[in-house]
Every structure is written in structure tokens, then in C-alpha cells.
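This briefing gathers selected local features of one structure, grouped by topic. Please keep the sequence and the model at hand while reading.

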Amino acid sequence: MGEEEKFIARTELPMGSADVFEWHARDKAFERLQPPWERVEVTQRSGGIAPGGVVELRTRVAPGVWLRWRVRHEGLEDGVGFADVLERGPFAAWRHEHRFEPRPGGGCALADWIRYRLPGGELGRVLAAPTTRSRLERMFRYRHSVTRDDLVFWHNTRQRARMRVVVTGAGGMVGSALIPFLSTQGHEAVALSRSGGGDTNRAVWNPDAGELDPVVLDGANGIVHLAGANIAAGRWTPSRKREILESRVNSTRLLVETMRNSARRPEVLVCASATGYYGDTGDALVDEDAPSGKGFLAEVCRAWESEAMRATEFGVRVVVLRNGVVLDPRGGALAKLLPVFRAGLGGPVGGGRQWMSWSSIDDTVGAILFALLEPTLAGPVNAVSPQPVTNADFAHVLGRVLGRPSVAPAPATALKLLYGQMAEETVLASSRVDPRRLSEAGYPFRHPDPEGALRHVLGK
């Protein structure tokens, strides 16, 4: 059997150990802490972090290749820490102690102590120890950053009432990150999906058939509407354009009409929209007061937002979040770019002079919760970083973060031939957008610059 390895990661936090412990004890804290560059799925859980609680999960190591884990919780000390012990998985042994160490002057140290043995005896240790340690360092640097920033957000908003939030599109890239964030911030998240799946925090609707039980919305404090057909899934044929438009307009109309007929209406509706509302803005910096632009995306956004704003007729505060490019390696534009850039074939698109408005996945979900909680926000709100960049600058930064060249151009003509109007209105269009209302309301951006955001979501 191989020699035992030890790994320790420690971060000083301004919060007390009781608060840090409480955050870790909340539902979906495990999901919230998973790095976005890792593919981890929880397949079964029971008992929370109490002794005897179990988490079963699988991690993807290659396309179609998954490793299964079964972890048991033990050693719980309220406000002090708990431990995870591997019962079944890819390591010969694994014990992870989560410690929350009080400091005399206030605050605490968040410490993760891991003792493990690699499979394959001494040979396994020689071959895999450096890589394993490197992965642990990346992972816990990310986890501690998320924990610190989430606790600061929670501390600054903890006086606000706990909310019950119904979320559509919960299985998408943004929705799947939002649910754990809401839960660990102390709110109750209910996912609307086409199949309930037996989960008590999941309800059924069928927007295509106009089916939504008003009881689902009764007692909800807020609704976050993210559902809609993928805009970048392929060429915009007439049928595809109709699906993109109707999936947003019809589902929003169903939500608003159901709210209208609910016995206890939600107080706030946060509806996703997009910076495509402004069309191609060239070099002009635009804020929420700018008029809508030309093109199919602008048409979709206008119709989408118009349906959402109808909820103001019966006293619901409505925020339409105009999102830009959301940086997350699990989906969206970044997931499509990564294989190309990792191969050393990335570079500016269509000359690279067009502007790109973007947001990290953490700032995207942070802006959603901020919009739910902040009563002064209403109407259109640009949910993008305060630092838009040109396409060429973004390509250069991504290449630097990955340690790869970023000079191979993607000609506009080739993209138009491949994707037609979709390319013209997305990657080739200029979007230089100012998040004025979000900034004025006091939203604390976690990742205002693209390099910091990319290093965070990619573990670099």
C-alpha cells in the first residue's frame, strides 16, 4: 500500500466560525463549491453533513469515462468542523477534514486537511502524486475564493428576508449555478421543470402546452425566469427563429398570467434578457437608456421584455437582466472556444475590433440575487462587467491564461458561410454595454476584469 499523502489549504476569513460552519451546512453547499472546470454530478445524498450522511457522486475524467465516489460524513462538531471519509472511489484511502478555527481578534481560518493514499501502491504514488497535488491546489484555491466571496455577500444581505424563489431554466448553465448559490445564501429555491423527478424542491410545468399550476407560485417571494431555446445552437432557419422567439415569449406570458391569477403573488420577477436588445452598438458605450437596435435578437429581446413588464400591471416589481457573454467552461461561448484555444488555434474573430460585453458566472448569479433583494432595481438592468473588451483583447487574454498562442484569425466570411445571421448578430456584432444601474445600486462585482474572471473559472 502506498505512503499516505497530506494536503492542507487554509484561508483567513473575516466571519466567525459559526457563520462559516452554517454556510457549509446548508443544502447544496457541496455543489456550490465544485470548480466549473471539473465535471462532477451528485447522484444520491442523504443526511446532510451529520454523522452517517452520505454523498454519492461521479466525476468525469474523459468523454464517456466517469469515476464513482461514495463519501460518508463523520466527526461533526457544531461550529467547529466535520469530516468526509471515502467508502468507495478512485483513491485507496481519503479523509477530508473541514475545520473552522476561531481567531482571538474575530474571524476564523477556513482549513481543509486531507489525508489520502493513491491507488497502485508506490508506483501509483510516483506517477500520480504531483498531478494530484496540483489538482488539489487548483480546486481549493477556487473553493476558498468562492466561500469567502459568498460569505461576504451573505453578510451584507443577511438582514433581508429569506426568500422562496421559483426558477425556470434551472437545468441550464446559469440556472444550475443559481440554485446552489440561492440555497447557500439561505434562500429556498424551487426549480420549475418539465418533469418533477420526485424532488421536493422541484415543480412541474409545460410552457409549450400552457400548463402551470398556480399553487406552485403561491407563497413564492420571487421568480427568476431563465428558460428559452438556445440561441447559439446552430443556423437561424425560419423554424429555429420561431422556436427561439416563442420559447421566450410564450413561457413568459404563461408565468405572468399565472401570477395574475395567484392568490398570493410573488413580489418580484427577474426575467433574463440580453444585450442583443441594443443590436450592433459599434464603438458607442450604451447604458439602459439606449434605444433598442436592429436585428432578430433585438426583436426577441423587445418581445420578451414586453411580456415580462406586463406583471407591473398588478404590482409586481419586474427586473429584466440584459446578460452578455457569460464566462463558464461548462457551457456557452467559453466552452466552445476552449478546445480551439487549447489546441493553439485560437485568435480574433472577424478582425477582432468588435466589442464584447461579458460577465463571470459568479457575477451573473450574484446579479440575479441582488436584483431579487434590491427594491430600488426595476426595469432593464445590464448584467455585465464594467469592463467590456474587444474581441481581439479577449482572445489575447484567454490565450495568456491558457498559455497558448492566440493569433490564428477566424475570418468573418467563413463564419457567415457557416452560421449566417446567427454569426452576424452574435460573435461578429459589437456590444459595448455599461452596467450603470447595477453599479449605481451598489452591486459588488467579484470579477470586473476578464483575466481575473477567466483565471477564476478555469483554475489558472
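Which element gives the most to the lining of the largest cavity? Helix 3 does, with three residues. This is a predicted model, in which local features need pLDDT of at least 70 and side-chain atom pairs count only at pLDDT 80 or more, whereas totals for chains, interfaces and linings use all residues. Residues are numbered from 1 along each chain as its sequence is written, and side-chain values use heavy atoms, with hydrogens and water left out.

**Cavity**

- The structure holds one cavity of 30 Å³ or more, a cavity being a set of points, on a 1 Å grid over the protein atoms alone, where a 1.4 Å probe fits but cannot get out.
- The volume of the largest cavity is about 30 Å³, where volume is the space filled by probe spheres set on the points, and grid points are joined across faces, edges and corners.
- Its lining, made of residues with an atom within 4 Å of a point, consists of His-24, Leu-33, His-98, Leu-110, Asp-112, Arg-143, His-144 and Thr-147.
- Two or more of these lining residues come from each of strand 7 (108-117) and helix 3 (121-157); helices (H or I, at least four residues) and strands (E, at least two) are DSSP runs, numbered from the N terminus.
- By class, the lining has two nonpolar, four polar and two charged residues, with Ala, Val, Leu, Ile, Met, Phe, Trp, Tyr, Cys and Pro counted as nonpolar, Asp, Glu, Lys and Arg as charged, and the others, Gly among them, as polar.

**Cysteines**

- The structure holds zero disulfides, a disulfide being a pair of cysteine sulfur atoms within 2.5 Å.
- The sulfur of Cys-271 has its closest cysteine sulfur in Cys-301, 9.8 Å away, and so the two are too far apart for a bond.
- Cys-271 is buried at a relative accessible area of 1%, where buried means under 20%, exposed over 50%, and partly exposed in between (1.4 Å probe, protein chains only).
- Cys-301 likewise counts as buried, at 3% relative accessibility.

**Arg-10 and strand 1**

- Arg-10 belongs to strand 1 (residues 5-13) and is partly exposed, at 41% relative accessibility.
- Although Arg-10 and Asp-112 are 102 residues apart in sequence, their C-alpha atoms are 6.4 Å apart in space.
- Neighbours within four places in sequence aside, Arg-10 is in contact (heavy atoms within 4.5 Å) with Glu-101, Arg-103, Ala-109, Leu-110, Ala-111, Trp-113 and His-144.
- The side chains of Arg-10 and Glu-101 are joined by a polar contact of 3.4 Å, the term denoting a pair of N or O atoms within 3.5 Å; within protein, one atom must be able to donate a hydrogen and the other to accept it, and residues adjacent in sequence count only if both atoms are side-chain atoms.

**Thr-59 and strand 3**

- Thr-59, in strand 3 (residues 54-62), is buried at a relative accessible area of 14%.
- Its contacts, neighbours within four places in sequence aside, are Arg-39, Val-40, Val-65, Trp-66, Leu-67 and Trp-69, and a polar contact of 3.3 Å joins the side chains of Thr-59 and Trp-69.

- Thr-390 lies in strand 19 (residues 389-390) and counts as buried, at 13% relative accessibility.
- A polar atom of the Thr-390 side chain is 3.1 Å from the backbone nitrogen of Asp-393, while Gly-352, Arg-353, Gln-354 and Trp-355 are in contact with Thr-390 when neighbours within four places in sequence are left aside.
- Asn-391, in helix 9 (residues 391-402), is buried with a relative accessible area of 12%.
- The side chain of Asn-391 places a polar atom 2.7 Å from the backbone nitrogen of Val-349, and Asn-391 lies 6.2 Å, C-alpha to C-alpha, from Arg-353, 38 residues away in sequence.

**Backbone at Lys-28**

- Lys-28, a residue other than glycine, has a positive phi, near 70 degrees.
- Lys-28 sits in the loop between helix 1 (17-25) and helix 2 (29-32) and is partly exposed, with a relative accessible area of 23%.
- Most residues other than glycine have a negative phi.

Note on methods: 1 Å grid on protein atoms, 1.4 Å probe; cavity = no way out; pocket = protein on both sides within 12 Å on 5 of 7 lines; lining within 4 Å.
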